[in-house]
Amino acid sequence: MSCEPWQCAEIAATKKANPITKPEVAVAMIKKAAHPILVVGSNATERYMEGRPLIEFLIDFANASKIPVVATAHMVGEFLKRGYEPADFMSAMDIGNRLVDPEWQGIDGKGHPDLALFVGLPYYMEALILSGLKHFAPDLKTMTIDNMYHPHASWSFPNGTLEDWGNSLKVMTTKFRC
Amino acid sequence: MTSKNVHIKIGEMKTSIGHIKNLELSIGKVVDDSWSEPMGPTPMPGLTTLRDWDMKLLNKYKPFYMPDCDLCCLCTYGKCDLTAGKRGACGLDIGAQSSRIVLLACSIGAATHTGHARHVVDHLIEKYGRRYPLDVGGLNVKVEAPVTRLVTGIKPETLGDLDEVLEYCEKQITHLLSVAHTGQEASNLDFESKALHAGRVDQVGMEVADIAQISTFHFPKADPEAPLIEMGIGTVDTSKPVIMCIGHNVVPSVGIIDYMKDNNLADKLEVVGLCCTAIDNTRYFNRGKIVGPISWQLRFIRGGFADVVVLDEQCVRADASLEAERVKAPVIAASEKNCIGFKNRTNDPADEIVADLVSGKVPGVLILDPEKVGEVAVKVAQKIAPIRKKMNVLPSLDEIKALAKTCRQCNLCQRNCPQDLNIPAALKAAAEGNLAPLTDLYESCIGCGRCEQACPVKLEIHSFIVKAGEKFMLEEKNFCRAGRGAVQDVEIRSVGGPIVLGEIPGILAVVGCANYPHGGKDVYDICREFALRRFIVMTSGCSAMSAGSYKNAEGKTLYEEFSGDFAAGGVLNVGSCVSNPHIAGAAIKVANIFAKRNLRGNYEEIADYIHNRVGAVGLAWGAYSQKAASIASGFWSLGVPVLVGPHGSKYRRMLLGRADKKEDWEVYDARTGDKVNVGPAPEHLFQTVETKEEAMVAIAKLCIRPNDTWKGRSIKLSHYVDLHKRLYGTMPKDLHLFIRTMADVPMTMKDEFTKILEAKDWKETVIPDPTLLSRMVRKMKE
Ligand code: SF4
Ligand code: SF4
Ligand code: SF4
């Protein structure tokens with residue numbers, strides 16, 4: 001488990017993400033948020049754990065946590081195919097751009113998100129969006145639930161194996177269920 | 001043109017008063033206003049001339065910044081930490097710093113194209129004289145330089161006229177670059193406006209380069225039936241000596257080809273090219289071959305195919321000469337912008353240089369005379385080919401399996417790979433004798449070599465991948481259509497109406513570099529999808545190559561399957577990077593030739609016309625360079641949206657509209673002066689898309705324009721809905737924003753639309769004569 005950026009060159013962050021040492025810690029922080037959202041990128045169908053695509057773990061997690069999902073790229077169709085309706089879908093750039101607007105009232109119109117979780121975007125794109133949010137949305141907290149350390153987030157899991165990742169997502173799902 | 005330098009050159013003259021030798025005389029400028037079109041308001045715009053127009057665009061499409069780095073280290077006050085609102089020692093904040101980086105990228109791009117144009121024009125003037133006439137398409141192309149006419153107000157007729165146009169560009173680029181100095185500009189939007197100006201200047205510089213070379217080298221002249229050119233490593237006849245040219249500037253390659261032709265060697269050697277030099281070589285010499293895009297430099301050199309490597313300018317790997325040395329292929333550096341540390345041998349006798357290169361006394365030389373480059377390259381290739389015997393440094397498959405056993409599974413290769421390719425797993429399998437996972441990496445690998453730099457046991461991972469994919473590599477036998485150059489005026493006349501009314505659903509320009517997320521097949525798939533949908537598909541540069549690198553079920557490449565006409569369902573390669581202004585030029589000519597708007601120095605009006613009426617979208621799926629940034633900027637400035645693939649997010653700034661903010665989408669109705677809400681059309685000016693599927697849906701949507709007739713709008717919407725349903729598995733959620741009257745609704749979708757419109761409380765509105773410029777309103781209401 002390492003808190004270096006997964007892609008080695010992504011080092012130029014003076015304000016770096018606090019590492020999430022255990023999935024339970026992530027769950028506690030998410031539970032504190034009033035308006036969290038979960039942004040899911042196109043790697044959700046590319047990455048596999050235990051023979052299952054990431055998106056299936058995320059559907060379980062979203063169902064348990066009730067966090068509204070924003071699907072980027074063409075992921076909405078992948079969710080729908082699996083019987084889950086995301087709260088919204090838009091391009092990754094659009095959701096980033098809305099999150100830096102303090103007047104934006106969220107996808108449900110009920111208030112600006114106070115926590116944005118990210119997972120499954122190409123690493124460099126996710127890194128850039130998180131950087132944009134760090135610089136231009138100072139009141140927003142960000143978290144990645146990938147298995148790759150993202151220095152520009154507020155909180156990030158360290159680099160970890162697929163096995164660790166699958167377990168973390170399952171623990172987080174279970175913690176929300178109980 | 002409007003003004004002329006009178007330039008007299010006398011070689012030798014004997015008169016009663018004496019003997020004159022080598023006299024050159026320049027006597028100022030004589031005004032020649034034979035161009036009857038009246039001058040518009042903004043000829044030769046300076047840094048702030050079009051600022052109001054820029055701000056209109058930047059207000060509609062606000063920058064979204066994603067800084068790559070929290071720091072600024074541009075001056076010795078720094079490094080400064082600019083995180084989240086902190087200002088640096090000079091007072092700059094991260095927004096302005098981010099936009100300064102955009103300006104720098106666009107200025108570098110504009111300087112590169114303009115420097116390229118300067119070299120080409122100076123060389124051609126020296127060779128053919130200032131009065132050599134420009135001809136890009138004979139009687140078929142009367143508007144020979146739409147961008148230059150639009151921006152500068154000059155109508156160039158001769159090579160010498162281009163000199164003045166370039167002087168304008170050079171002056172602007174100097175000013176633009178100076179703005180990036182510490183303490184020069186404070187507002188991010190002003191930096192952005194200047195980046196747009198860099199884009200305008202860049203388009204002019206590129207246009208100059210291309211019309212100069214088309215005119216003098218007799219490239220295809222607006223020819224829809226430009227020849228099909230063999231493309232791919234598999235097309236190279238390796239029994240012959242092979243000269244490989246890498247870069248963008250065709251002048252040294254012309255020297256090579258001319259020498260071959262003059263010495264009856266045209267069929268005795270192979271001249272192949274990588275990147276835009278390849279495209280332009282084959283516009284000059286249809287027996288030239290295109291190896292592939294920029295990212296294939298390492299695979300071609302290491303594979304040992306090249307006997308001589310000729311490097312000109314732009315996008316040339318800095319280690320290309322070192323790689324060539326490994327396979328004992330001599331290198332000729334042929335550009336003053338890329339001397340590679342070699343000794344300048346321009347003035348040495350050709351045979352001495354040849355002897356030094358063939359004997360290996362020196363690995364490479366700098367030669368700045370293109371004719372000498374030609375002679376040396378050909379002679380060296382002929383002499384060294386039998387000695388080198390296509391020596392390569394690719395390991396054998398057995399060696400790969402053995403070397404893979406030394407892999408420590410440390411992941412550093414993957415963590416340094418821009419594609420995040422799972423190299424450790426592929427090497428684990430290779431060590432166990434299974435090379436299939438390594439072969440699978442071949443298509444996605446962009447040949448950057450970063451994995452090798454990171455590997456602690458120095459495994460030549462890229463070579464492993466190339467060897468494992470060798471079968472595919474050698475089977476690469478495709479066709480690219482030679483760059484046709486401009487679009488004919490008559491083509492514009494016949495499709496101008498359907499484009500502006502929306503009945504041709506859009507013009508898709510697929511341009512730029514090969515930094516693709518998953519290989520070039522995505523480019524082919526996207527081009528084919530839209531050609532089948534009867535969009536006009538235009539290509540250039542490395543994207544033009546990738547578009548031609550795959551085949552349909554009948555074994556035909558894209559350029560064989562579709563015509564090269566500027567017409568619905570055409571797929572036309574305009575040429576190299578510097579040919580991109582023919583794409584912008586086509587949009588400009590729609591405004592000029594079809595709509596009869598004056599062009600001359602009339603930037604804002606024409607850009608406003610294009611933005612509101614011409615459904616054109618640029619896609620730079622693998623854009624990586626600063627030049628790609630300035631090319632994109634030239635399109636933004638005309639109000640044409642540009643999409644980039646995921647790596648394009650690293651340009652760190654998007655220009656995004658907000659479909660959810662109704663107030664952002666008002667235009668004037670030029671007939672009445674009323675403000676009319678036209679919805680988010682087009683929604684963005686610069687956007688990164690993550691996947692091929694997202695790109696396709698976004699392209700269809702971004703072709704929608706306020707001016708569409710109901711018929712045009714319904715055609716555009718049917719493509720948008722169809723792609724959305726197929727690729728996103730659901731209806732779009734924003735359809736109500738694009739329906740003005742029920743007539744806009746595609747016939748077959750009435751029921752679905754009606755339900756959506758009812759749920760959204762939709763109200764009918766009018767189709768205006770749209771403009772963002774109040775001065776274009778014909779009858780303003782009190
Ligand atoms: S240019 Fe400004 S922000 Fe950058 S290092 Fe110098 S003082 Fe700091
Ligand atoms: S050469 Fe290929 S495998 Fe190696 S880092 Fe570059 S893209 Fe990745
Ligand atoms: S960097 Fe080298 S040693 Fe490490 S996993 Fe990659 S190939 Fe193996």
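## Contacts around B:Met538

Two residues are in contact when heavy atoms of theirs lie within 4.5 Å. In this predicted model, B:Met538 touches B:Val487, B:Ile507, B:Leu508, B:Ala509, B:Val510, B:Phe566, B:Leu572, B:Val574, B:His582, B:Ile583 and B:Ala586, leaving out residues up to four places away in sequence.

## The nonpolar cores

A nonpolar core here is a set of buried (under 20% relative accessible area, 1.4 Å probe, protein chains only) Ala, Val, Leu, Ile, Met, Phe, Trp, Tyr and Cys residues joined through side-chain atoms within 4.5 Å. The largest one has 168 residues, and B:Met538 is among those touching the most other members, along with B:Ile256, B:Val310, B:Ile332 and B:Phe566.

## A buried threonine in chain A

Over in chain A, A:Thr173 is part of helix α6 (residues 162-177), helices being DSSP runs of H or I with at least four residues. A:Thr173 is buried, at 4% relative accessible area. Beyond its neighbours within four places in sequence, its contacts are A:Phe57, A:Asp60, A:Phe61 and A:Ala64.

## How to read this

Residues are numbered from 1 along each chain as its sequence is written, and chains are lettered from A in the order in which they are written. Local features need pLDDT of at least 70, side-chain atom pairs count only at pLDDT 80 or more, totals for chains, interfaces and linings use all residues, and side-chain values use heavy atoms, without hydrogens and water.

Key:
Helices (H or I, at least four residues) and strands (E, at least two) are DSSP runs, numbered from the N terminus. Buried means under 20% relative accessible area, exposed over 50%, partly exposed in between (1.4 Å probe, protein chains only).
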